[in-house]
Amino acid sequence: DAFNAGASVMHVHLRSQEPGMGHMPSWDPDVAEAVVDAIRAACPGVIINLTTGVIGKDISGPLACIRRVKPEIAACNAGSLNYLKVKSDNTWAWPPMMFDNAVEKVQDYLDVMKETGTIPEFECFDVGIVRCVGMYRQTGMYSGPLEYNFVMGVASGMPADPDLLPILLKLKLPEAHWQVTAIGRAEIWPLHQRCADLGGHLRTGLEDTFYLGDGTKVTSNGQLIEAIAA
């Protein structure tokens, strides 16, 4: 449905096939291959963008999946973030955690993506992380085409504020493509509009929101893509 509504790229997450564990990530290359092959068959010409994010130093699973399916694009989380959220009763929504993406970890991803011909999509959760991408270029860690993903709306990262976008565009390298991942409810739709006005690529999906701009709750990525295309 998303493809038919105009989506040209699919950002793919993988889930466990173990009974009762379908909510958990899978880094089984067989699962990755089955999912990606099915998407390619259903959506001829689609660009695959594979997720890679894991907490901790062991990234053997994501690397194995990249090597198996050789996606055109893969996420490359470009810096670390205290991943936090507080509920309305002033308690943590989940135990505070560090989403760790040390330079060595980033380099390991970049090395394998170079091997498979995959373009890294540099995920930037905060302003300083945007600036780090330029340093990766300066130091020779990466020399290929640049793609920034400004992740806006994580409670402990950049807010989903349209006024922040012009600042981020000043900080990215001039030749780079860019997009916004907008996380939230109705407040994210003005951010999508500003992204379009400024020439960014448009992205949405159930990973980031369940709601249209008028507050309607959706049930599929297709509905969100129809709205963002409109």
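In this predicted model, Ser26 sits in the loop that links strand E1 (9–12) to helix H1 (29–42). Its relative accessibility is 10%, so Ser26 counts as buried; the cut-off for that class is under 20%. The side chain of Ser26 reaches the backbone nitrogen of Asp28, at 3.2 Å. Beyond residues up to four places away in sequence, Ser26 touches Leu14, Arg15, Ser16 and Val31.

Val69 belongs to helix H2 (residues 60–69). Val69 is also buried, at 11% relative accessibility. With neighbours within four places in sequence left aside, its contacts are Ala32, Glu33, Val36, Arg40 and Leu50. Tyr148 lies 79 residues from Val69 along the chain, and the C-alpha atoms of the two are separated by 22 Å.

Lys70 is placed in the loop between H2 and strand E3 (73–77). Its phi is positive, about 45°, although Lys70 is not a glycine. Lys70 counts as partly exposed, with 49% relative accessibility. A positive phi, near 70°, is also found at Asn90, again a residue other than glycine. Asn90 lies in the loop between E4 and E5. Its relative accessible area is 67%, so Asn90 is exposed; that class begins over 50%.

The loop between strand E4 (81–83) and strand E5 (97–99) also holds Trp94. Trp94 is partly exposed, at 31% relative accessible area. Together with Ile55 and Met97, Trp94 forms a nonpolar patch on the surface. The accessible area of this patch is about 260 Å².

The largest nonpolar core comprises 63 residues. Those with the most contacts inside this core are Phe122, Phe150, Met152, Leu165 and Val180. Helix H3 (residues 103–116) supplies the largest share of the core, with five residues.

Notes:
Residues are numbered from 1 along each chain as its sequence is written. This is a predicted model: local features need pLDDT of at least 70, side-chain atom pairs count only at pLDDT 80 or more; totals for chains, interfaces and linings use all residues. Side-chain values use heavy atoms; hydrogens and water are left out. A nonpolar core is a set of buried Ala, Val, Leu, Ile, Met, Phe, Trp, Tyr and Cys residues joined through side-chain atoms within 4.5 Å. Buried means under 20% relative accessible area, exposed over 50%, partly exposed in between (1.4 Å probe, protein chains only). Helices (H or I, at least four residues) and strands (E, at least two) are DSSP runs, numbered from the N terminus. Patches are made of residues with over 30% relative accessible area and no salt bridge: like charges are joined within 9 Å, nonpolar side chains (Val, Leu, Ile, Met, Phe, Trp, Tyr) within 5 Å. Accessible areas come from the Shrake-Rupley method with a 1.4 Å probe; for residues, only the protein chains shown count as cover. A salt bridge is a side-chain nitrogen of Lys or Arg within 4 Å of a carboxyl oxygen of Asp or Glu. A polar contact is a pair of N or O atoms within 3.5 Å; within protein, one must be able to donate a hydrogen and the other to accept it, and residues adjacent in sequence count only if both atoms are side-chain atoms. Contact means heavy atoms within 4.5 Å.
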